[in-house]
Amino acid sequence: MRQQYVFTTLSLLILFSLSCSTTLAQAPALAPAPSGPTNVTKILEKAGQFTLFIRLLKSTQVANQLLGQLNNSNNGMTVFAPTDNAFSSLKSGTLNSLTDEQKVQLVQFHIVPTYLTSSQFQTISNPLRTQAGDSGDGKFPLNITTSGNSVNITTGLTNTSVSGTIYTDGQLAVYQIDRVLQPLQIFAPRPPAPAPAPAKSKNKKATTAADSPDVTPADNSKAATLQNVGLFGVAALVIALSL
């Protein structure tokens, strides 16, 4: 009797186990949670101490541009993010004195349209082109040099260094800097080139001839007649004296 009870119990356990296995095998696997789009402002908000740079990113609409570029293409980006203390070191009223276009250029000057790892800074070609545009002399040149583990950045007006890595994922790299990068085009624009001097006349003789009074054939004939009259008068005087 006892053996029959044990056999029945084992049979029920085996049937239950098989039923559970079948049910689990038929259930669909859970899909991985979708990752949210890469958002630079959210990354900076999470890191803290970048309130002013986040405000500029949003007010200039550069944040939206970055969001689209990072999530709708395979293009890499590198962002140099100045801290709030970096902005406080600017002269009072600096940001308010800029036009809307200059504010956009200032933010874009902190963005390189290429993904750069810390090791790539050692072999980079200068001047580096940013999203602000022309990297020529006097425009928006950005130069990066390394010394040991230190990464130095110069703009012609600003000298600073990378003080930390905030975020990197193979497409986007965000580095902390402690000075606002000031481009020459905005903060030290060159005066426009002077207008060229008027060309000088190459034919002075032609000018002299043009300024002198014209001599007509009639004037030449009159001069010849007077000369003939004079000669006749002299001849008449000589004959009178001889008589």
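Biologist: Let's start with Gln61. Where is its place in the chain?

Modeller: Gln61 is in the loop between helix 3 and helix 4. Keep in mind that this is a predicted model.

Biologist: Is Gln61 buried, partly exposed or exposed?

Modeller: Gln61 is partly exposed, because its relative accessible area is 43%.

Biologist: And what is phi of Gln61 near?

Modeller: Phi is near 70° there, a positive value in a residue other than glycine.

Biologist: What follows helix 2?

Modeller: That's Gly48, whose phi is positive and near 80°.

Biologist: OK, on to the helices themselves. At what angle do the axes of helix 2 and helix 3 cross?

Modeller: The axes of helix 2 (residues 40-47) and helix 3 (residues 51-59) cross at roughly 165° and come within 10 Å. An angle over 145 degrees counts as roughly antiparallel, and helix 2 and helix 3 are therefore roughly antiparallel to each other.

Biologist: Is that crossing of helix 2 and helix 3 left-handed or right-handed?

Modeller: The crossing is left-handed.

Biologist: Which residues make the contact?

Modeller: Helix 2 brings Val40, Thr41, Leu44 and Glu45, and helix 3 brings Phe53, Ile54, Leu57 and Lys58. Sorted by class, the contact has five nonpolar residues, two charged and one polar.

Biologist: Which residues of helix 2 are buried?

Modeller: Val40, Thr41, Ile43 and Leu44 are the buried ones in helix 2. They fall within an arc of 160° seen down the axis, so they line one face of helix 2. On the other side of helix 2, Lys42 and Lys46 are exposed.

Biologist: Why would residues three or four places apart point the same way?

Modeller: An α-helix has 3.6 residues a turn, so residues with that spacing point the same way.

Biologist: Good. What covers the buried residues of helix 2?

Modeller: The cover includes helix 3, helix 4, strand 1, strand 5 (159-168) and strand 6 (172-177).

Biologist: Now the partner. Which residues are buried in helix 3?

Modeller: In helix 3, Phe53, Ile54, Leu56 and Leu57 are buried. Their arc around the axis is only 160°, which puts them on the same side of helix 3. Arg55 and Ser59 are exposed on the other side of helix 3.

Biologist: What do the buried residues of helix 3 pack against?

Modeller: They pack against helix 2, helix 4 (62-71), strand 1 (77-82), helix 5 (84-88) and helix 6 (100-108).

Biologist: Change of topic: how about Phe109? Is Phe109 buried or exposed?

Modeller: Phe109 has 0% relative accessibility, so it counts as buried. Phe109 is in the loop between helix 6 and strand 2.

Biologist: Which residues does Phe109 touch, not counting those up to four places away in sequence?

Modeller: Among them are Thr130, Ala132, Phe140, Thr155, Leu181 and Pro183. The C-alpha atoms of Phe109 and Pro183 are separated by 7.3 Å, although these residues are 74 residues apart along the chain.

Biologist: And Val112, where is that found?

Modeller: Val112 is in strand 2 (residues 111-112). With 2% relative accessibility, Val112 counts as buried. Its contacts, not counting residues up to four places away in sequence, include Met77, Phe80, Leu128 and Thr130.

Biologist: Which residue does a cis peptide bond join to Pro127?

Modeller: Asn126, with omega about -5°. Pro127 is in the loop between strand 2 and strand 3 (143-147).

Biologist: Last one, the overall picture. How many helices and strands are there in the chain?

Modeller: The chain has nine helices and six strands. Of its 243 residues, 28% count as buried. Among contacts with a separation of 6 or more, 63% come from residues 24 or more positions apart.

Methods
Residues are numbered from 1 along each chain as its sequence is written. This is a predicted model: local features need pLDDT of at least 70, side-chain atom pairs count only at pLDDT 80 or more; totals for chains, interfaces and linings use all residues. Side-chain values use heavy atoms; hydrogens and water are left out. Axes are lines fitted to C-alpha atoms, for helices over the stretch in contact, and angles run from 0 to 180 degrees between N-to-C directions. Helices (H or I, at least four residues) and strands (E, at least two) are DSSP runs, numbered from the N terminus. Angles under 35 degrees count as roughly parallel, over 145 as roughly antiparallel, 65 to 115 as roughly perpendicular and the rest as oblique. A crossing is left-handed if the near helix is turned anticlockwise from the far one by less than a right angle, and right-handed if clockwise. Contact means heavy atoms within 4.5 Å. Ala, Val, Leu, Ile, Met, Phe, Trp, Tyr, Cys and Pro count as nonpolar, Asp, Glu, Lys and Arg as charged, and the others, Gly among them, as polar. Buried means under 20% relative accessible area, exposed over 50%, partly exposed in between (1.4 Å probe, protein chains only). The arc is that of the directions from the helix axis to the C-beta atoms.
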